[in-house]
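Subject: Structure handover

Hi,

Here is the structure for you to look through. My notes on it follow below.

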Amino acid sequence: MSGLLMPKPDDATMRRRDEIVADMRIIVPGEGVVDAANSMRAFESDGLTAYRQLPLVVVLPETVAQVSRVLKYCNDRNIRVVPRGSGTSLSGGALPLEDAVLLVMSRFNRILEIDFTNRIVVAQPGVTNLGITTAVEQEGFYYAPDPSSQIACSIGGNVAENSGGVHCLKYGLTANNVLGIEMVLMNGEVVRLGGKHLDAEGYDLLGVMTGSEGLLGVVTEVTVRILKKPETARALLIGFPTSEQGGQCVADIIGAGIIPGGMEMMDRPAIHAAEDFVHVGYPLDVEALLIVELDGPGVEVDHLIGLVEAIAHKNGSTTCRVSQSEQERLSFWAGRKAAFPAVGRISPDYYCMDGTIPRKELPRVLHGMRELSEKYGLGVANVFHAGDGNLHPLILYDANVPGELDKAESFGADILRLCVKVGGVLTGEHGVGVEKRDLMPEMFNQIDLDQQMRVKCAFDPNHLLNPGKVFPQLRRCAELGRMHVHRGQTAFPDIPRF
């Protein structure tokens, strides 16, 4: 796996593979267990395809009872488990391990309840993000978080990664739109956090689970908030001679107290790739393109459009189009939504990064990325959620050229270091996974990481759930001073105690 250091496979587990597969077939009968190498290749990576690894076995449960039994079986026998949703994660969070059961939740694909009165939907974790909106749109409702992969990504995976999207600037991330979950702990216990009500009592364990990247438990049900579609939504397409001017316009719009429904930005390479792909009339003579969507009552939207036009003009915009119909508004977004596949047409490979910065630092970071592009000799196309400072640089490279993947990864690591340097963070919505795992010390000291690890220990004391992800090195709970004694025995009796 391209030199990526992962937990060493457990020899005892590997020797018992046939026994484990047979036991999994008893727990999940029918076609719920996949163990042939060729069939498992469909699950060997997630969206970070540079890293691939076949799992010990793939298990696709259909009921909560099956999930509980699988986890309890693995916990009792010290077998690692990697949870997986639709596999669209871009950080390697669902990367299988050679000695781990890959627990795939795609068969949990039903919407269990639609409650328009309380404006909630209860869905199984395998339901797609877009599937929730599709289920409620006939009544004028929608689900706000909308990742670019919304047609395929699952709501359970959205919870694991705290996914964002175009409209999260105004309406919040997954964490702001999930009201409750049902989850199964590593020991097989089924737990409910939150529910239909607005605020859960006690500690915010729902907040802990949202964005936990499969390290704490397996989600089996999600209750989300749905919203009424706004009366009016219009978008502006604004071009600038430089990316710095576009970035300053973003800062000025937010500084003026305007919160758009969505605000996205693309630089020249991304603009040209998107236009060649979808042909929606993007201006090709600009260095930066800003898409600003305003929604709400018609009178308010008209007023805000005038304010945004004035701010854009002050920042040197050379073109500004306002959508005159719903079809035109959607066409403005079509290129942005298709930016990732569009860039795939202009480069043999690309590496999609994810970091977040304070909005005011946008011009500085864009300039820094250009300097890094020259340093590494690799192109970069930028598409990002400009309103909340969530960057998505696409580093262009050719995996067939020796050393280019390593250069692309080093380039990406330097971008993330720059994000942290200016007061930002390593990720916005893609998660840490394995991609940013070894960069965690750039942002957190050892005390910080140990405190986070203690949360992991509380949920999964034997470190069997998704090991090798998020934390830069494997740690045992006993090393942090936490010892769980069960029936007189500690989890790691071979570790010296002081």
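How many salt bridges are there between domain 1 and domain 2? The count is 0. A salt bridge here is a side-chain nitrogen of Lys or Arg within 4 Å of a carboxyl oxygen of Asp or Glu.

Before the rest, some ground rules. This is a predicted model, where local features need pLDDT of at least 70 and side-chain atom pairs count only at pLDDT 80 or more, while totals for chains, interfaces and linings use all residues. Residues are numbered from 1 along each chain as its sequence is written, and side-chain values use heavy atoms, with hydrogens and water left out.

**The two domains**

Domain 1 covers 11-104 and domain 2 covers 232-422. These bounds come from an automatic or database domain assignment. The domain centres, taken over C-alpha atoms, are 38 Å apart. Domain 1 puts 4 residues into the contact and domain 2 puts in 5 residues. Contact means heavy atoms within 4.5 Å. About 280 Å² is buried between the two domains, and carbon and sulfur atoms give 66% of that. Buried area is the accessible area (1.4 Å probe) that two parts lose on being put together, summed over both. On the domain 1 side, Ala-50, Tyr-51 and Leu-90 lose the most area to domain 2, together 81% of what that side buries. One more item: 1 residue pair is in polar contact between the domains, both at pLDDT 80 or more. A polar contact is a pair of N or O atoms within 3.5 Å; within protein, one must be able to donate a hydrogen and the other to accept it, and residues adjacent in sequence count only if both atoms are side-chain atoms.

**Salt bridges**

The whole structure holds 28 salt bridges. Three are worth a look.

- Lys-436 pairs with Asp-354 at 3.7 Å, N to O. The two are 82 residues apart, with Lys-436 in the loop between helix 15 and helix 16 (446-459), and Asp-354 in the loop between strand 16 (349-352) and strand 17 (355-356). Helices (H or I, at least four residues) and strands (E, at least two) are DSSP runs, numbered from the N terminus. Lys-436 is buried at 0% relative accessible area, and Asp-354 is buried at 0% as well. Buried means under 20% relative accessible area, exposed over 50%, partly exposed in between (1.4 Å probe, protein chains only).
- Arg-417 pairs with Glu-442 at 3.2 Å, N to O. Arg-417 sits in helix 15 and Glu-442 in the loop between helix 15 and helix 16, 25 residues apart. Arg-417 is partly exposed at 36%, and Glu-442 is partly exposed at 40%.
- Arg-52 pairs with Glu-44 at 3.0 Å, N to O. Arg-52 is partly exposed at 43%, whereas Glu-44 is buried at 13%.

**Helix 14**

Helix 14 runs over residues 362-376, and its end C-alpha atoms are 21 Å apart. Just after the helix, Gly-377 takes a positive phi of about 70°.

Best wishes

Note on methods. Expected span 1.5 Å × (residues − 1).
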